[in-house]
Amino acid sequence: MKARIAPGVIDGIVSVPPSKSLTQRAYAAALLFAGRTLIHNAGHSADETAAKQVIQQLGASINGHLITSSGLAPISNTINCGESGLATRLFAPIAALHHSPITIGGTGSLLQRPLEGLEKTLQQFGVRMPNYNGHVPITVNGPLKPASVTIDAHGSSQLVSGLLFALCASAT
């Protein structure tokens with residue numbers, strides 16, 4: 001499958017079922033939305049907890065199920081995705097929106113899992129990844145710039161999801 005990605009804007013209300021995949025994507029949307037987001041029915045897996053910590057490291061504040069954000073405003077130059085491959089692929093393009101380098105780390109099995117296609121894809125948007133070795137830790141050095149590209153997404157939708165969020169955020 002090939003996906004064509006172009007800049008755009010997202011607007012609406014999302015009701016998240018208890019799915020760690022959808023919950024992490026809801027956290028990404030809440031981070032990029034300048035305002036308050038209430039997420040109902042979120043799960044509590046280790047991956048969801050890691051995504052919550054990532055959005056806090058990228059500038060959101062969380063009080064229970066209420067997330068308040070003014071958009072991407074990292075409080076550190078590092079984020080930790082725990083063992084979540086989805087969080088890594090989802091938040092790498094989002095972190096690359098920032099003008100300063102951000103290092104993405106993890107723990108456990110994530111340290112050995114390959115991140116195929118990440119560097120090649122992000123480079124098409126002007127993101128540099130110095131010392132990239134195929135798995136975390138990685139450093140993304142943006143800012144990510146909107147571009148029309150063709151991406152081979154047959155292996156996973158995770159990076160495409162991150163790109164869609166990042167490109168929509170860059171258009172606002």
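Lys20, Thr23, Gln24, Tyr27, Ala28 and Leu31 of helix 1 touch Asp47, Glu48, Ala51, Lys52 and Ile55 of helix 2 (contact: heavy atoms within 4.5 Å; helices: DSSP runs of H or I, at least four residues, and strands: runs of E, at least two, numbered from the N terminus). The model is predicted: local features need pLDDT of at least 70, and side-chain atom pairs count only at pLDDT 80 or more, whereas totals for chains, interfaces and linings use all residues. Residues are numbered from 1 along each chain, and side-chain values use heavy atoms, without hydrogens and water.

**Exercise 1.** Classify the residues of the contact of helix 1 with helix 2.

*Solution.* The contact residues comprise 5 nonpolar, 2 polar and 4 charged (nonpolar: Ala, Val, Leu, Ile, Met, Phe, Trp, Tyr, Cys and Pro; charged: Asp, Glu, Lys and Arg; polar: the others, Gly among them).

**Exercise 2.** Determine how the axes of helix 1 and helix 2 are oriented.

*Solution.* Step 1: the axes of helix 1 (residues 20–32) and helix 2 (residues 46–57) come within 9 Å and cross at roughly 10 degrees (axes: lines fitted to C-alpha atoms, for helices over the stretch in contact; angles: 0 to 180 degrees between N-to-C directions). Step 2: the two helices, helix 1 and helix 2, are therefore roughly parallel (angles under 35 degrees).

Technical notes
Parallel < 35°, antiparallel > 145°, perpendicular 65-115°, else oblique.
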